[in-house]
Amino acid sequence: MSQVLLFTGKGGVGKTTLAAATAASLAASGRKALVVSTDPAHSLGDALDVRLGASPSEVDTAGASLGGLFACQIDPRGLVDEAWGDLRGHLRTVLAGAGVDELDAEELTVLPGVEELLALAEVRRLAVSGPWEVVVVDCGPTAETLRLLSLPEAFAGYLERLFPTHRRVVRGLLAGVAGTGTVEKWDATADALSRLAERLDALRSMLADPASCSVRLVLTPERVVAAETRRTLTALALQGIRVDSVIANRLVPSPGAARGAAASWLRTRRQEQDAVLAELTGIGEIRTVDHRASEPVGVPALLEVAAQLYGDSDPSPGAAVPPGAQGSLLEVSGGGRGLDARYSLRIALPLADDTELDLARVEDDLALTVDGRRRLVALPSLLRRCIVTGAEMDSAGVTVGFRPDPSLWR
């Protein structure tokens with residue numbers, strides 16, 4: 001399977017250009033690279049200066065001496081018509097057989113987010129079936145991307161509640177609804193649902209595997225954008241998705257010792273940008289790209305951008321940013337005897353000073369909600385017989401206190 005590298009950032013920060021530049025750089029180093037876009041804005045073809053279709057095609061490099069660069073623009077609407085239509089029909093049949101009104105059944109099978117989910121599934125299909133070493137993905141803006149990356153888990157939960165995993169349970173449910181004489185007809189629905197569940201599991205595994213998938217966050221050195229980048233790091237950490245790099249794009253050039261109004265403006269603006277970057281502490285190295293006089297369009301111009309961005313380093317997916325900055329790592333400490341024992345659970349997350357945090361115990365899980373985003377954290381076995389005594393938060397994560405539950409020690 002190819003490595004998958006996802007580019008995202010606030011709208012307008014230049015993520016499409018940097019995704020295309022990264023793919024071009026990979027191809028220039030002798031590796032086959034595919035750059036695809038799931039962004040409805042369809043600007044990847046504009047950056048490459050080529051017309052793109054839904055199927056991968058080799059990019060005309062316009063005189064640049066490289067081969068192995070492929071690109072495509074995923075068409076979610078076409079995927080819905082092709083892959084979702086049959087399953088919708090099966091589900092309508094099941095719901096109608098259960099006594100649901102035909103119009104209600106039609107509405108219940110129109111699931112929000114299915115287009116984005118199928119686009120992500122298409123990315124995985126291309127990574128599994130294609131000859132490319134790296135698949136670079138130009139995602140939508142961060143809010144859309146976070147929703148996209150959470151869809152496999154959300155859909156899997158929906159599917160599990162609607163139809164339990166065990167095939168006999170599904171078959172029994174359908175038989176009870178429709179009568180044993182039509183079980184074979186209903187069984188096709190169970191088969192379709194099982195295939196969907198397998199695809200969801202495969203997507204979840206890909207996103208959570210640091211060897212298969214990572215994210216590159218793009219920002220411009222502005223306080224509003226930097227604040228969103230910090231929240232995005234936290235949200236991705238909650239989902240267990242690895243960030244391997246943060247890129248600051250469009251730094252204005254330093255005027256040096258030049259004088260005049262223009263030089264003064266550039267100096268002030270660059271000082272402001274440098275101050276914003278200096279405040280982004282604890283998130284690892286930040287790569288930078290200068291603001292260019294002309295828009296980088298076409299492969300030759302994109303290679304110039306990549307040369308500044310990566311220098312002599314490898315543009316392939318690399319090591320993640322420091323665990324204290326990104327990654328929901330769990331660490332248990334403490335001890336003692338019997339009911340006097342005290343434990344701490346450390347959850348490493350990048351948190352800002354104004355982060356809104358909420359914790360709740362849900363059976364053997366800890367429900368962690370950060371800025372409105374919720375994640376269930378499976379508790380280590382040692383802590384499942386304990387109750388929460390409190391929690392403290394700092395910029396690098398959350399520390400939750402536990403003590404043994406007296407009711408379980410009788």
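**Close-up views of a predicted model**

**View 1. Asp49, an exposed loop residue.** At 57% relative accessibility, Asp49 counts as exposed. The model shown here and in every view is predicted. Asp49 sits in the loop that links α2 (44-48) to β3. Its phi is near 65°, a positive value in a residue other than glycine.

**View 2. Arg250, a strand residue with positive phi.** Arg250 belongs to strand β7. Its phi is near 65°, again positive in a residue other than glycine. Arg250 is partly exposed, at a relative accessible area of 31%.

**View 3. The protein as a whole.** The protein has 11 helices and 15 strands. It contains 410 residues, and 46% of them count as buried. Take the contacts with a separation of 6 or more: residues 24 or more positions apart account for 70% of them.

**View 4. The eight-strand sheet.** Eight strands make up an open sheet with mixed pairing. Their order is β3-β4-β2-β5-β1-β6-β7-β8. The edges are β3 (57-58) and β8 (286-290). Each edge strand has a single partner, so one side of each is left without a neighbour in the sheet.

View 5. Strand β1 covers residues 3-9, and strand β6 covers residues 213-219. The two pair in the parallel sense over six bridges. Phe7 has Arg216 of β6 as its bridge partner.

**View 6. Helix α10 over the sheet.** Helix α10 (residues 261-279) lies across β6, β7 (243-251) and β8. Against β7, helix α10 runs at about 165°.

**View 7. Two cysteines without a disulfide.** The whole structure was searched for disulfides, and zero were found. For Cys139, the closest cysteine sulfur is that of Cys213, 8.6 Å away and too far for a bond. A disulfide would need the two sulfur atoms within 2.5 Å. Cys139 is buried at a relative accessible area of 1%. Cys213 is also buried, with a relative accessible area of 1%.

**View 8. Helices α1 and α11 crossing.** Helix α1 (residues 15-28) packs with helix α11 (residues 299-310) at an angle of about 90°. Their axes are 8 Å apart. The angle makes α1 roughly perpendicular to α11. On the α1 side, the contact is made by Thr17, Leu18, Ala20, Ala21, Thr22, Ala24, Ser25 and Ala28. On the α11 side, Val299, Leu302, Leu303, Val305, Ala306, Leu309 and Tyr310 take part. By class, this contact of α1 with α11 has 12 nonpolar, three polar and no charged residues.

**View 9. The hairpin of β9 and β10.** Strand β9 (residues 330-335) and strand β10 (residues 342-348) pair in the antiparallel sense over six bridges. The two form a hairpin with six residues between them. In the turn, Gly336 has a positive phi of about 130°. Leu330 has Ile347 of β10 as its bridge partner.

**View 10. β10 against β15.** Strand β10 also pairs with strand β15 (residues 397-404). The sense is antiparallel, over six bridges. Leu345 stands opposite Val400 of β15.

**View 11. The three-strand sheet.** Three strands form an open sheet in the order β11-β12-β13, with antiparallel pairing. At the edges stand β11 (357-362) and β13 (373-378). Each has a single partner strand, so one side of each is left without a neighbour in the sheet. Neighbouring strands of this sheet are turned by 20° against each other on average, direction ignored. Strand β11 and strand β12 (residues 365-370) pair over six bridges. Leu357 stands opposite Val370 in β12.

**View 12. Leu238, a buried helix residue.** Leu238 is part of helix α9 (residues 223-238). At 5% relative accessibility, Leu238 counts as buried. Beyond its neighbours within four places in sequence, Leu238 is in contact with Leu349, Leu368, Val370, Arg373 and Arg375. Leu238 and Ala348 are 110 residues apart in sequence. In space, C-alpha to C-alpha, Leu238 and Ala348 are 9.6 Å apart.

Key: Residues are numbered from 1 along each chain as its sequence is written. This is a predicted model: local features need pLDDT of at least 70, side-chain atom pairs count only at pLDDT 80 or more; totals for chains, interfaces and linings use all residues. Side-chain values use heavy atoms; hydrogens and water are left out. Two strands pair if DSSP finds at least two bridges between them. Helices (H or I, at least four residues) and strands (E, at least two) are DSSP runs, numbered from the N terminus. Contact means heavy atoms within 4.5 Å. Axes are lines fitted to C-alpha atoms, for helices over the stretch in contact, and angles run from 0 to 180 degrees between N-to-C directions. Buried means under 20% relative accessible area, exposed over 50%, partly exposed in between (1.4 Å probe, protein chains only). Angles under 35 degrees count as roughly parallel, over 145 as roughly antiparallel, 65 to 115 as roughly perpendicular and the rest as oblique. Ala, Val, Leu, Ile, Met, Phe, Trp, Tyr, Cys and Pro count as nonpolar, Asp, Glu, Lys and Arg as charged, and the others, Gly among them, as polar.
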